[in-house]
Amino acid sequence: MSGTLRHPAPDEHKEALARLFDRSAPTYEKVGVSHFDALGRQLVAEARVREGERVLDVGCGTGAVLVPAARAVGPSGSVTGIDLSAGMVERSRAAIAEEGLGNARALVADAETAHWQPGPPVDGTFDAVLAGISMFFFPHPRAATARYRRLLADGGRFAISWWGRQDERWNPVFAASAPYGGASSHRLPPDSPFRSVEDLHAMLSEEGFSSVDTVERTCVTRFRGPHQWWQWVWSTAGRQFWESVPEEAMADAVKAVEAELAGLRAPDGSLTSRNTVRFTVAEVAR
């Protein structure tokens, strides 16, 4: 890491995050590499979303969770997706239209506070709140958790997907790039509950949830080669790191990473990453 990182104020952090995903929105999940759709379907299944339920999808992104949730609740249910990024919300709306889902909507709103106008949600509004690979971005995950607890009806579920153990084979790649940049939306603060399963379970229990459980699944992501990997990085929030690399250092940074990628390539030139995804489900007692 170069220099000393200044920790931005929460509002500044959120505005920067929204702009980051706005920049990613046009190519997000459009470079021939996809795993978020599968993870979204898995989260809906783990949350046991049922027909007729009312669901809130926080940090809805391009609709990876929103669309399968809307299918699961059927015409008698409803799904509301919220995201700070207008670009991502536009992608969710396009997915809703393409699927012909009359029971779903996507709104530009702060996923952490889950408040929007007109008609902000009242306590007990939802049967399930879902957060797919998003909540670790929030500056105040505990406050968000308390908010979701109030929004859930008795017997409601709060389901989160988040990254667990990362593929250690890729550590040299990230170590090679580290000296050249600083900013990273994926860097967890020291007090983040997403540092361990135990920390997250403790936070959920302290905020009034019961029957907290986490399961782990392996997420396999394949790239045709380094070129597609670079395309993918720049289509995700991972681009924030590379945007922080000074122009005069970019060539050296790319060269250092390319050298490490060469060691990961299979005989056919492809690259594979195997990471653990955790699915945590907590319930509101009846």
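User: Where does Ile-133 lie, and what makes Ile-133 count as buried or exposed?

Analyst: Ile-133 lies in the loop between strand 4 and helix 5 (141-151). Helices (H or I, at least four residues) and strands (E, at least two) are DSSP runs numbered from the N terminus. The relative accessible area of Ile-133 is 11%; buried means under 20%, exposed over 50% and partly exposed in between, with a 1.4 Å probe and protein chains only. Ile-133 is therefore buried. The model is predicted, so local features need pLDDT of at least 70 and side-chain atom pairs pLDDT 80 or more, while totals for chains, interfaces and linings use all residues. Residues are numbered from 1 along each chain as its sequence is written, and side-chain values use heavy atoms, leaving out hydrogens and water.

User: Which peptide bond is cis, and what is its omega?

Analyst: The bond joining Gln-117 and Pro-118 is cis, with an omega of about -5°. Pro-118 is found in the loop between strand 3 (104-108) and strand 4 (126-132).

User: Why is Leu-151 called buried, and what is in contact with Leu-151?

Analyst: Leu-151, in helix 5, has 0% relative accessibility and therefore counts as buried. Contact means heavy atoms within 4.5 Å. Leaving aside neighbours within four places in sequence, the residues in contact with Leu-151 include Leu-56, Ala-114, Pro-121 and Phe-126.

User: How do you know that Ala-25 is buried, and what lies against Ala-25?

Analyst: The relative accessible area of Ala-25 is 4%, so this residue counts as buried. Ala-25 is found in the loop between helix 1 (10-24) and helix 2 (36-46). With neighbours within four places in sequence set aside, Ala-25 is in contact with Gly-87, Met-88 and Arg-91. Ala-25 and Gly-87 are 62 residues apart in sequence, and their C-alpha atoms are 5.5 Å apart in space.

User: Why are helix 2 and helix 3 described as oblique?

Analyst: Helix 2 and helix 3 (residues 66-73) pack at an angle of about 40°, with their axes 8 Å apart. Axes are lines fitted to C-alpha atoms, for helices over the stretch in contact, and angles run from 0 to 180 degrees between N-to-C directions. Angles under 35 degrees count as roughly parallel, over 145 as roughly antiparallel, 65 to 115 as roughly perpendicular and the rest as oblique. The two helices, helix 2 and helix 3, are therefore oblique to each other. Gly-40, Arg-41 and Val-44 in helix 2 meet Pro-68, Ala-69 and Ala-72 in helix 3. These contact residues divide into four nonpolar, one polar and one charged. The classes are nonpolar (Ala, Val, Leu, Ile, Met, Phe, Trp, Tyr, Cys and Pro), charged (Asp, Glu, Lys and Arg) and polar (the others, Gly among them).

User: What makes helix 8 oblique to helix 10?

Analyst: Helix 8 (residues 226-234) and helix 10 (residues 250-262) pack at an angle of about 125°, their axes being 11 Å apart. That angle makes helix 8 oblique to helix 10. Pro-226, Trp-229 and Trp-230 in helix 8 meet Val-254, Val-257, Glu-258 and Leu-261 in helix 10. The residues of this contact are six nonpolar, no polar and one charged.

User: Which residues of helix 8 are buried, and what covers the buried residues of helix 8?

Analyst: The buried residues of helix 8 are Pro-226, Gln-228, Trp-229, Trp-230, Trp-232 and Val-233. Their cover includes helix 6 (171-177), strand 6 (210-223), helix 9 (239-243), helix 10 and strand 7 (271-283).

User: What makes a set of residues a nonpolar core, and how many residues has the largest nonpolar core?

Analyst: A nonpolar core is a set of buried Ala, Val, Leu, Ile, Met, Phe, Trp, Tyr and Cys residues joined through side-chain atoms within 4.5 Å. The largest nonpolar core has 69 residues, and those with the most contacts inside it are Leu-56, Ile-82, Leu-130, Met-135, Tyr-148 and Phe-158. Strand 5 (residues 152-163) gives the most to this core, with six residues. A second, separate core of 18 residues includes Trp-229, Trp-230, Trp-242 and Leu-264.
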